[in-house]
Amino acid sequence: MPKSPQISYRFHRSSELPLIASFLREHELPHEDVSSKIKFIAAYFKQEMIGCIGIEAYTDHGLLRSLAVKKDFQNQGIGGQLINYLIGYCHQTGIETLHLLTVSSSSYFQRMGFQPSTRDQAPKEIAQTEEFTTLCPASESNYMVKTNLSGTVRMLPKSLMHWNTDADTGSSYWEITGKKQSFTFFKVPSHRKFPKHQHESEQITHVLEGKLFFKIDKQVFTLGAGDSIVIPSNKQHSVWTEDQSAVAVDSWAPGRDLRS
């Protein structure tokens, strides 16, 4: 069997939903409601899908859907890797608690940090899902929960970064936020401006490509590739690009959530 470096992981494409539904059906898992409301991460060996895991997101709660690994690839850690990558995705999107229903894999999920619970403890948005109400009857499945996802180790591979768009500038970015710090990666188009602002977090910006301009206390700083700047806490500043776009990374302490 192939070793893990030969296995890749990525988000599903919309055209692959029928394939995922078929894969789940073959593994005798709920598949009737597979749709765009469920975000899937799939594992591939060469061009063949050999595993998948899904999630339905409800603000800070997520319903884990249908972890499956092809028989020939089981017992190689692929299922655990899919769970770890899903937790990384939850972290990026603000999900703090994972819920699941399982018929025969309770002991496996308990080893992965999920704890048994009772259905009457499920939050309303989870209890009203089709999986809870129809696909997995209480008489046939066990309910389990994994809490405090932000307090766990998260693995965030490049292929599974969750991209956001900044409303003011159209910049693309992803962010990773821990308990005490956060880290962002920005792609800023040319001729865009982040208006004057300030924040409690100390900010360190390092430019990877292009040029970024900062105005702080009436002084303009021009940063090219390889340059960095440190902006103290609560210091007003504006940032912009001119003829060149820019790619930059930022660290923030304490951490801040750019989505709020």
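These legends describe close-up views of a predicted model.

**View 1. Helix H1 and its buried residues.** Helix H1 spans residues 17-26. Its buried residues are Leu17, Ile20, Ala21, Phe23 and Leu24. These residues lie on the same side of H1, because they cover an arc of only 160° around the axis. Pro18 and Glu26, on the other side of H1, are exposed. Just after H1 comes Glu28, with a positive phi of about 55°.

View 2. Leu17 and Phe23 are among the buried residues of H1.

**View 3. The largest nonpolar core.** This core holds 29 residues. Ile78, Leu82 and Leu98 touch the most other members. The elements that give two or more residues to this core are strand E1 (7-11), E2, E3, E4, helix H2 (78-93) and strand E5 (97-102). H2 supplies the largest share, 8 residues.

View 4. Leaving out residues up to four places away in sequence, Ile78 touches Ile7, Tyr9, Ala43, Ile50, Val69 and Phe73.

**View 5. An open sheet of 4 strands.** The strand order is E11-E16-E13-E14, and the pairing is antiparallel. Strand E11 (193-197) and strand E14 (219-223) are the edge strands, each pairing on one side only. On average, neighbouring strands of this sheet are turned by 15° against each other, direction ignored.

**View 6. The E13 and E14 pair.** Strand E13 covers residues 212-216. E13 and E14 pair in the antiparallel sense over 5 bridges. Leu212 has Leu223 in E14 as its bridge partner.

**View 7. An open sheet of 6 strands.** Here the order runs E8-E9-E10-E17-E12-E15, with antiparallel pairing. The edges are strand E8 (164-165) and strand E15 (228-231). Each of these edge strands pairs on one side only.

**View 8. The E12 and E17 pair.** Strand E12 comprises residues 202-210, and strand E17 comprises residues 246-253. The two pair in the antiparallel sense over 8 bridges. Gly210 has Ala246 in E17 as its bridge partner.

Technical notes. Residues numbered from 1 in each chain as written. Predicted model: local features only at pLDDT ≥ 70, side-chain atom pairs only at ≥ 80, totals over all residues. Heavy atoms only, no water. Buried < 20%, exposed > 50% of the residue type's maximum accessible area, 1.4 Å probe, protein only. Arc of directions from axis to C-beta. Pairing = 2+ DSSP bridges. Axes fitted to C-alpha atoms, helices over the stretch in contact; angles between N-to-C directions. Core = buried A, V, L, I, M, F, W, Y, C linked by side-chain atoms within 4.5 Å. Contact = heavy atoms within 4.5 Å.
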